[in-house]
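Work through the exercises below with the model open. Try each task before you read its solution.

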Amino acid sequence: MTYEAPACSECGHPMNSGGLVSVTREDNGQRICRTLWRCPQGHVWWRWMDRPTEPLQMCPFSNLFR
Ligand SMILES: [Zn+2]
């Protein structure tokens, strides 16, 4: 199985998995894991683990995870 890391939308570098973070989802109050992706330039992206087809979003708390 080949797995391709997503590219950073800001700088185009391939990203590394940054692990998981548990976040409360605003629309239904559930605590759900988000998968984090970091690029070598320090951009951090994430998306809901249960919605893998959604596009990655810029993580607003990137300073916390550095
Ligand atoms: Zn980047």
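**Exercise 1. Work out which arrangement the 4 donor atoms around the zinc ion form.**

Step 1. Find the donors, meaning N, O and S atoms within 2.8 Å of the metal (3.2 Å for Na, K and Ca); water is not among the atoms, so sites may look incomplete. The protein supplies C8 (SG), C11 (SG), C39 (SG) and H43 (ND1), at 2.0 to 2.3 Å from the zinc ion.

Step 2. Check the angles. They run from 104 to 121°, which makes the arrangement tetrahedral. Four donors count as tetrahedral if all angles lie between 85 and 135 degrees. The ideal angle for four tetrahedral donors is 109.5 degrees.

Step 3. Read the spacing along the chain: C-x2-C-x27-C-x3-H. C11 sits in the segment before strand 1 (16–24), and H43 in the loop between strand 2 (31–38) and strand 3 (44–48), so this pair ties together parts 32 residues apart in sequence.

A note on the source: this is a predicted model, where local features need pLDDT of at least 70, side-chain atom pairs count only at pLDDT 80 or more, and totals for chains, interfaces and linings use all residues. Residues are numbered from 1 along each chain as its sequence is written, and side-chain values use heavy atoms, with hydrogens and water left out.

**Exercise 2. State how many helices and strands the protein has.**

Step 1. Count them. The protein has 0 helices and 4 strands. Its pattern along the sequence is β-β-β-β.

**Exercise 3. Trace the network of salt bridges that includes R25 and D27.**

Step 1. Apply the cut-off: a side-chain nitrogen of Lys or Arg within 4 Å of a carboxyl oxygen of Asp or Glu. The structure holds 4 salt bridges.

Step 2. Start at R25. Its partner D27 has its closest atoms 3.6 Å away. R25 also pairs with D50, at 3.2 Å. D50 lies in the loop between strand 3 and strand 4 (57–58) and R25 in the loop between strand 1 and strand 2, so the pair ties together parts 25 residues apart in sequence.

Step 3. Move on to R51. Its side chain meets D27 at 3.6 Å, N to O. Shared partners join R25, D27, D50, R51 and E54 into one network.

Step 4. Compare accessibility (buried is under 20% relative accessible area, exposed over 50%, partly exposed in between; 1.4 Å probe, protein chains only). R25 is buried at 5%. D27 is exposed at 55%. D50 is partly exposed at 44%.

Technical notes: Four donors count as tetrahedral if all angles lie between 85 and 135 degrees; four count as square planar and six as octahedral if opposite donors are over 155 degrees apart and all others between 65 and 115; anything else is irregular. Helices (H or I, at least four residues) and strands (E, at least two) are DSSP runs, numbered from the N terminus.
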